[in-house]
Amino acid sequence: MIPDLRFYLRLLSRRFPAMAFLIVLASCVGLVMALRLPTTYSTSATLLVESAQIPDEMIRSTINVEAAEQLEVIQRRLMTRANLIQVARDNNVFPNQRRMNPDDVVSEMRRKTKVRRASGRNRATVMTISFEGRSPQVVAAVVSQYVTIVLAANSDFREERTAGTLDFFEQEVAALSASLDEQSAKIVAFKNENVDALPENLEFRMGRRATLQDRISRIRRDIEAIEAQKLNIQRVYENTGTLTDSRRVKLSPEAARLKRLQGELRVALSVYSETNPKVKILRNQIETLTAQMRAAGEAIAEEGGSPLDAVLEEMDGEIAELELQIEEAKAELEELADGIARTPANRILLEAMERERRSLQGLYGGAAQRLSQARLGERVEVSARGERITVLEPATVPNTPSGPNRAAIMSSGVAAGMGLAGGLFVLLELLNLSIRRPTDITKVLGITPLATLPRFESQADRRRRRTLQLLTLAAVIVAVPTSLWLVDTYYMPLDVLFEKVRERLF
C-alpha cells in the first residue's frame with residue numbers, strides 16, 4: 001500500500017502542471033463570473049382567493065370552477081407570449097431589447113418570472129408572483145403589472161363565464177317561448193279547423209243530435225196530422241159542400257213565399273245564432289221580397305176560385321215547409337254524425353299536442369328559473385360580492401440585491417477546477433498501459449520477478465526536473481489569467497462569451 005501511495009504521489013508531482021492549468025482556469029473563470037455577473041434584484045406579490053360574500057345556499061354562483069383550477073387558467077393567460085412581450089416593452093426590462101428576437105424576450109421573461117400556487121383542504125388558496133432583474137424599480141414595476149394583468153384576467157374570466165351562462169339561458173328561454181307559442185298556435189288552428197269535432201263539445205253535439213231527432217219525429221207527426229186534416233176537410237166538403245176549416249184565404253205566390261221564408265227564419269234562429277250565414281241570407285231574402293211587394297202595392301187578399309182548393313193549397317204549402325225542415329234537420333244530423341265520428345281521433349291528436357305544450361311549458365319554466373338565477377349570479381359578480389382575487393401583499397421596490405452569490409460562484413469555480421484536475425489524473429492513469437511497477441509485470445506478463453532495479457536519478461536531474469515543473473506551473477499561473485484578460489479586452493467580454501456558450505450548450 002505504501003509503495004503504491006508513493007508511486008501516485010510521484011505521478012501527481014509530474015502531472016501537477018497540467019492539473020494546475022485546469023484548476024487555475026476554472027478558478028479564474030469562477031472569479032470572473034463572480035465579479036462580472038450583474039447584481040440582480042427580486043420582488044414578489046402575493047394574491048389571495050377570497051370566498052364569496054354571499055353563501056351558495058342563498059344565491060348559487062353560476063361559476064362552478066375550483067379556485068386552484070381558476071388560478072391555473074389565469075397563470076396560463078398571464079404567461080402568454082403577447083403579455084410577456086408587452087410587459088417587457090412597457091418596462092424596458094432588457095437594455096438591448098430592441099435588438100433582441102421576440103422569442104428570446106419571451107424565453108428570458110419566462111425564465112426570470114416565477115409563479116407559485118398554494119392550496120389545499122382547509123387552507124387558503126394563494127398565488128405568489130416574483131420577478132428577477134437588474135433594476136429594483138423595474139422588477140417592482142413588472143410584478144405590479146403582472147398583478148394588474150392577473151386581476152383583469154380574473155375579472156374577464158368571471159365575466160365571460162357569467163355572461164356566457166346568462167346569454168345561453170336567454171337564448172334557451174327565447175327559443176322555448178317561440179316553440180311554446182308555435183305549439184299554442186297549432187292547437188288553436190287545429191281547433192278552428194275541427195270546430196265541429198272537438199272533444200269538449202261532444203256532449204253538446206250529442207244533445208243536439210237527440211234534439212234534432214225528436215224534432216224530426218214531431219214534424220213527421222205534424223205532417224201526418226195535416227194530411228189527416230186534409231182528408232177530413234175533403235170528405236166533409238164532398239158530403240156537405242162547406243168547409244169546417246177556417247183557412248179560406250189563398251195567398252199570392254209572393255205572400256206564400258214570404259210566409260215560408262219567415263218560417264224558415266224562425267227555424268234557423270232556433271238552431272243558429274244571428275251571425276250565422278244562413279240566418280243572414282234568409283233575412284236578406286225576406287227584406288228583398290218585402291220591398292218588392294211594397295213597391296208593387298200588392299197586398300194579401302182573398303182571390304176567387306174554389307175555397308177547398310185554396311185551403312188544400314195552403315195545407316200543402318205547410319207540408320212542404322215541414323218536409324223542408326226535415327231535410328235541413330237531416331243535413332245537420334249528418335254533420336253532427338260526421339263530427340261525432342271524428343271526435344275520438346281529434347281527441348288523440350289534441351291530447352298529443354297538449355302534452356307537447358305541457359312539456360314545453362315545463363322546460364320553459366325550468367329555463368326561466370335558471371335564467372333568473374343566472375341574472376342574480378351576474379349581479380353578484382358585477383357587485384364584486386362573489387369569489388374574487390385580492391392583493392394580499394403588493395410588490396415593493398427591493399433595497400438589497402437577491403443575487404448573485406459571488407462566494408458560491410467562486411467556490412464552484414475552484415471545486416470545478418479540482419474536479420477537472422482529478423478527472424484528468426484518473427483519465428491519464430486509465431489510458432497509460434505501460435509497465436511501471438513490479439506489480440505491473442505480474443499483471444501483464446503473469447510472472448513474478450526475483451528483483452527489480454529502480455530508476456536512478458542524479459541530484460542534477462532532480463533539480464532540473466523540479467525547476468522545469470516550477471517554471472511550467474508559474475507559466476500556467478501567469479498565462480491563464482493573461483489569456484483571459486486578452487480575450488476579455490480585445491475579443492469579447494467574458495461574461496458575454498460565457499452567456500453565449502451557455503445558450504449554445506443549453
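Modeller: A salt bridge here is a side-chain nitrogen of Lys or Arg within 4 Å of a carboxyl oxygen of Asp or Glu. The model is predicted, so local features need pLDDT of at least 70 and side-chain atom pairs count only at pLDDT 80 or more, while totals for chains, interfaces and linings use all residues. Residues are numbered from 1 along each chain as its sequence is written, and side-chain values use heavy atoms, with hydrogens and water left out.

By the salt-bridge rule the count comes to 9. One of them joins arginine 342 and aspartate 338, whose side chains meet at 3.0 Å, N to O. Both belong to helix H9, where being 4 residues apart separates them by about one helical turn; helices are DSSP runs (H or I, at least four residues), numbered from the N terminus, as are strands (E, at least two). An α-helix has 3.6 residues a turn, so residues three or four places apart point the same way. Aspartate 338 has 40% relative accessibility and therefore counts as partly exposed, a class lying between buried (under 20% relative accessible area) and exposed (over 50%), with a 1.4 Å probe and protein chains only. Arginine 342 is also partly exposed, at 26%.

Arginine 342 has another partner: aspartate 196 forms a salt bridge with it, the closest N and O atoms being 2.9 Å apart. This pair links distant parts of the chain, since aspartate 196 is in the loop between helix H5 (136-193) and H6, and arginine 342, 146 residues apart from it, is in helix H9. Aspartate 196 is partly exposed, with a relative accessible area of 33%.

Arginine 111 is partly exposed, with a relative accessible area of 42%, whereas glutamate 108, at 17%, counts as buried.

Glutamate 327 has its place in H9, and Glu224, Glu227, Glu323 and Glu327 form a negative surface patch. Helix H6 (202-240) and helix H9 (307-382) are the elements that give two or more residues to that patch. Patch residues have over 30% relative accessible area and no salt bridge, with like charges joined within 9 Å and nonpolar side chains (Val, Leu, Ile, Met, Phe, Trp, Tyr) within 5 Å.

Definitions and conventions:
Accessible areas come from the Shrake-Rupley method with a 1.4 Å probe; for residues, only the protein chains shown count as cover. Lys and Arg count as positive and Asp and Glu as negative; His and the chain ends are not counted. The place of a charge is taken as NZ of Lys, CZ of Arg, CG of Asp or CD of Glu.
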